[in-house]
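Hello,

Here is the structure I promised to pass on. Please have a look at it first, and then read my notes below.

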Amino acid sequence: MKLLTAGLFVLAWSFAAADVASELKAAKIDPELIDNAPNETIEIKYGDKEVKLGNEFTPSETKEIPEVHYKHEGGVLYTLVMTDPDVPVRGYNREWQHWVVGNIPEDKVAKGEVLTEYVAPAPSKTTGLHRFVFLLYKQNQGSITFDERRIGNRDKRRNRFSTKKFAEKYNLEGPIAGNYMKAKYDDYVPTVMKQLGIF
C-alpha cells in the first residue's frame, strides 16, 4: 500500500511538473522570454485568489504586493522577476518590468533586495489581455552586487527590459520556477498611470 501511495504521489508530481512547462510553452513564454520552461511553479496569491498558470485578474485585484512562496533550499539566495512581455513595442527588449527582487534568502521575498519596486498590471484600453509573468532564478554564486539603477514605484522607466539578458548578465540559474496571470484594462489603470507620471 505504501509503495502504491508513493507511486501515485510521484505520478501526480510528474503530471504537475509537466503541466507547468507545457502551460508556459503554450503561452509562448518559452521561447519569448526564456529558453527552457521550468517544471516547478511559484505559488502567488493576491488576497485569497491564487495565480494559476494563466487565469485572469483585474488590475484592481493586484494593487498590493502578492504573497509569494516556492520550493527552496536552505541558505540559498534567489532572484524573482515579474514582467509584462505584451507592451506594444517593436524590436528587442520589449518587456516592461513590474517587480524585480534579488538576493532573496530562501523564499523570504520581503527580505530580498528590491531592484524594481512593485507596480500593479496596467494594460491600456486598446491592447486587450496581457501576460504577467513571474520567474524565479537561483543565485549559485551567493550574494550579487546588482549594478542596475533602482526603480521606485513612481518611476515609469521600466520599459526595454529583457529577463533573458538580465539572467545571463548575472549568471542566474533557471528559471527554476514560474507562473503567470492575464489582465486587461479596468478602472484602476488610470491610477497606476498617474502614479507613474504617464498621464
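The protein has 4 helices and 10 strands, where helices (H or I, at least four residues) and strands (E, at least two) are DSSP runs numbered from the N terminus. Along the sequence they follow the pattern α-α-β-β-β-β-β-β-β-β-β-α-β-α.

Before the details, two notes on the basis of all this. This is a predicted model, in which local features need pLDDT of at least 70 and side-chain atom pairs count only at pLDDT 80 or more, while totals for chains, interfaces and linings use all residues. Residues are numbered from 1 along each chain as its sequence is written, and side-chain values use heavy atoms, with hydrogens and water left out.

Of the 199 residues, 45% are buried (under 20% relative accessible area, with a 1.4 Å probe and protein chains only). Among contacts (heavy atoms within 4.5 Å) with a separation of 6 or more, 74% are between residues 24 or more positions apart.

Now to the sheet. Three strands form an open antiparallel sheet in the order β3-β2-β5; two strands count as paired if DSSP finds at least two bridges between them. β3 (49-50) and β5 (67-69) are the edge strands, each with a single partner, so one side of each has no neighbour in the sheet. Strand β2 (residues 43-46) pairs with β5 over 3 bridges, and isoleucine 44 has valine 68 of β5 as its bridge partner.

The largest nonpolar core holds 32 residues, and Ile42, Tyr46 and Trp99 touch the most other members. By nonpolar core I mean a set of buried Ala, Val, Leu, Ile, Met, Phe, Trp, Tyr and Cys residues joined through side-chain atoms within 4.5 Å. At least two residues of this core come from each of β2, β6 (77-84), β7, β9 (130-139), β10 (173-183) and α4. Apart from it lies another core, of 22 residues, including Val81, Val133, Phe161 and Tyr180. Tryptophan 99 is worth a click: leaving aside residues up to four places away in sequence, its contacts include Ile65, Pro66, Leu80, Tyr118 and Phe134.

Finally, helix α4 (residues 189-196) has Val189, Val192, Met193 and Leu196 buried. They span an arc of only 100° around the axis, which puts them on the same side of α4; the arc is that of the directions from the helix axis to the C-beta atoms. The buried residues of α4 pack against β7 (96-105). Just after the helix, glycine 197 has a positive phi of about 75°.

Best wishes

Note on methods. Buried < 20%, exposed > 50% of the residue type's maximum accessible area, 1.4 Å probe, protein only.
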